[in-house]
Amino acid sequence: MRLIVLLLCVALSACAIVPGKKEPELIPDEPRTKVHIPEPKNGKVVVALYSFGDKTGQRKDSTTIAKFSTAVTQGGETVLIKSLQEAGDGKWFRIVERVGLDNLLKERQLIRSAREEVKDNNILRPILYAGMIIEGAIISYDSNVRTGGFGWRWLGIGPSTQYNEDMVTISLRAISTQTGEVLMTQNVRKTILSYQVSVATFKFFDQGTKAFEQETGMSSSEISIYVVKSAVEKAVEDMIFDGEKKGLWKFKQVEVKDAN
């Protein structure tokens, strides 16, 4: 019994006494550093978003059971709308509702019916139309793009570290509502890093007739929604700069005042 207690204490403290041991670092779940985007010259651009969903068909990995949960978020439209609203400090896009268009039209019909009953002559304003449609999807989720690890044992006791890297790819495109032409397409890839650190103990005692094995550890993984959000924000930024190069819009020139 004393031997077992001693082995447990050694195993739990092994991580602290490993010389030069350093755990892998994850990207923090904080908003990434955004690129400065100049203001649009002619005011906000009106855009419509119809769909931005998951086309990967990927499910969460499991070595024991079949999981039906998807590997990436199914709320891509919400992430993209928020990114468009915040682009350039909120000075670039006006987003019109198209994802829930049926609900919007039904509500407007109810307003018209109610006003007719009470003989309200107030005119319901027309729906704002967009000159550009923004569409896209999460097109790829690749698991275990890169895997690796490191570990050692001395007298059956030692730590080990394992990591794996997944990759998410999104595609975003802008379409002209007047001609149906695809004006530009942006593809962005982002990685999801996961790691596991553990300490294992495996010992024989009582002249090799009895064995003792014990393992403890922890794991951590980047949240996929932050990775998708970061990729979408990068695609929106690239789309703005690409659109300026193609003459779809112009940046507002900052006036430099003469110090004299």
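**Helix α4 and the residue after it**

Helices are DSSP runs of H or I with at least four residues, strands are runs of E with at least two, and both are numbered from the N terminus. Helix α4 covers residues 224-245. It has 22 residues and reaches 32 Å from its first C-alpha to its last, close to the 32 Å expected at 1.5 Å a residue, where the expected span is 1.5 Å times one less than the number of residues. After α4 comes G247, whose phi is positive, near 80°.

**Basis of the model**

This is a predicted model, in which local features need pLDDT of at least 70 and side-chain atom pairs count only at pLDDT 80 or more, while totals for chains, interfaces and linings use all residues. Residues are numbered from 1 along each chain as its sequence is written, and side-chain values use heavy atoms, leaving out hydrogens and water.

**Strand β1**

Seven of the ten residues of strand β1 (residues 45-54) are buried (under 20% relative accessible area; exposed is over 50%, partly exposed in between; 1.4 Å probe, protein chains only). Strand β1 is therefore largely enclosed by the rest of the structure. Five bridges join β1 to the parallel strand β2 (residues 93-97); two strands pair if DSSP finds at least two bridges between them. V46 stands opposite R94 in β2.

**Aromatic rings**

Rings of Phe, Tyr and Trp (its six-membered ring) pair if their centres lie within 6.5 Å; planes under 30 degrees apart count as stacked, over 60 as edge-to-face and the rest as tilted. The count comes to five aromatic pairs. The ring centres of W92 and W249 are 5.5 Å apart with planes at 65°, so this pair is edge-to-face. Both W92 and W249 are buried.
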